[in-house]
Amino acid sequence: MSNTAYREHSTPLFLTSSFIYESAEQAEQMFAGAGEGDIYSRFTNPNTTELIQKFCVLEETENGVATSSGMAAIFSTLSTLLNQGDHIVACSSLFGNTLYILNQILPKWGINCTFVAPLDRDGWQQAITSNTKMVLVESPTNPSLEIIDLPWLADLCHQNNAIFCVDNCFATPILQKPVDFDTDLVIHSATKWIDGQGRVLGGLVLGSDELIQPIFDFLRRTGACLSPFNAWLLSKSTETLQVRMHQHCTNALQLAQWLESQEGIKRVRYPFLPSHPQHDLARQLMKMGGGIVTIDIDSDKEGTFRFINALTIPSITANLGDSRTIVTHPSTTTHSKLSPEEQEEGDIFDSTIRISVGLENIEDLQEDIEQALKRSL
Ligand SMILES: Cc1ncc(COP(=O)(O)O)c(C=O)c1O
């Protein structure tokens, strides 16, 4: 359906900071909350509204907000829903900047966090108590691709009246719908698979009206809103999310299976490989295995770097979820702020490489990896 009198097929870009009124009376009514429509793009804008509506359908939630980045989604959720003295329990395998918020910012406001390793059931049971306000996890985890038992953890959260919040960035709603497992809030870094071409930053928080409304109020006042341009672009990308994810996952599975038989590779981690320790759980929670394959080169740091530098198709960058394959060396980049002990606990070594599998011809990629592996020996 077209948005304007021009009968356009593709949604136009509403690049406007504010919206006009027919009269002073209408402006008064709108500000009093009596009228329908947009007032100012920090609050709402047709492009952000369209993106949010699409994700409410995809994640099957009542409401949502769009934010300037994935980190803004996480920060606004935590700042809105947690109060001084509250306790949060989080997975120890979280994106580094999320750990920074939990370790460095929230304690300044008297909000303390207990960390639990992804698969430590006793640890989760001990950490989550009736004082716990929120539980925050990512699944699959980055870069180890461990699978958190979301239905089991959701049950534990609800026995303790804690809000269960899942960062669904690695899976996207195409592969995993956290609300199917009784999750309260779903967070996305739209920068990754949702954009899919590494162009813009964006974030989303999705959930019930009751939880989203205060986050919306926080955002409209503090300003970490998504720009109309980025919303327009992400909304367009959403139209191809399903076919892209299908192809990323098909390529990733094929690559993971092939890598398992290659000389020079010590370990391949991919949720849909039978060798993955939570393979059955992954198949229960996810439709396909995702676009990330994590490998360990059978060499030291120098050999691993020789392999990375010899690749000609993948880009060396810290992003993921792009149509072009990306390799990342977590221990010296995305996870370099972790101590050696923390890295080892997170199953990250000098030999670990995260591959975000793109949409290239998989045989070209295999050929490139094969020649680069010879350099690592
Ligand atoms: C799982 C996860 N959550 C959140 C973020 C933060 O997203 P953004 O870079 O869009 O702020 C990232 C990565 O950057 C991520 O990998």
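Tutor: Two strands pair if DSSP finds at least two bridges between them. In this predicted model, an open sheet has seven strands, ordered E1-E7-E6-E5-E4-E2-E3, and its pairing is mixed.

Student: What makes E1 and E3 edge strands?

Tutor: Each of them pairs on one side only. From one strand to the next, the twist averages 20 degrees.

Student: How do you know that strand E2 and strand E3 pair?

Tutor: Count the bridges. Five join E2 (residues 87–91) to E3 (residues 112–116). The cut-off is at least two, so E2 and E3 pair. The two strands run parallel. Ala90 has Phe115 in E3 as its bridge partner.

Student: Which element does the chain pass through from E2 to E3, and what is the hand of the crossover?

Tutor: The chain goes through helix H4 (residues 96–105), and this β-α-β crossover is right-handed.

Student: How do you know that strand E5 and strand E6 pair?

Tutor: E5 (residues 163–167) and E6 (residues 185–189) share three bridges, in the parallel sense. At least two are needed, so E5 and E6 pair. Asp167 stands opposite Ile187 in E6.

Student: What angle does H3 make with E6, and what is that called?

Tutor: H3 runs at about 150 degrees to E6.

Student: Why are H3 and H8 called roughly perpendicular?

Tutor: The axes of H3 (residues 70–81) and H8 (residues 209–222) cross at roughly 110 degrees. The class spans 65 to 115, so H3 and H8 are roughly perpendicular to each other. Their axes come within 9 Å. H3 contributes Ser76, Thr77, Ser79, Thr80 and Leu81 to the contact; H8 contributes Leu211, Pro214, Ile215, Phe218 and Leu219. Six of these residues are nonpolar, four polar and none charged.

Student: How many residues around the ligand are charged, and which are they?

Tutor: The shell has two charged, six polar and four nonpolar residues. Asp and Glu count as charged, so Glu138 and Asp167 are the two. Among the other neighbours are Ser69, Met71, Phe95, Asn142 and Cys169.

Definitions and conventions
Residues numbered from 1 in each chain as written. Predicted model: local features only at pLDDT ≥ 70, side-chain atom pairs only at ≥ 80, totals over all residues. Axes fitted to C-alpha atoms, helices over the stretch in contact; angles between N-to-C directions. Helix = DSSP H or I, 4+ residues; strand = E, 2+ residues; numbered from the N terminus. Parallel < 35°, antiparallel > 145°, perpendicular 65-115°, else oblique. Contact = placed C-beta atoms within 7 Å. Right-handed = clockwise from strand over helix to strand, strands pointing away. Near = placed C-beta within 6 Å.
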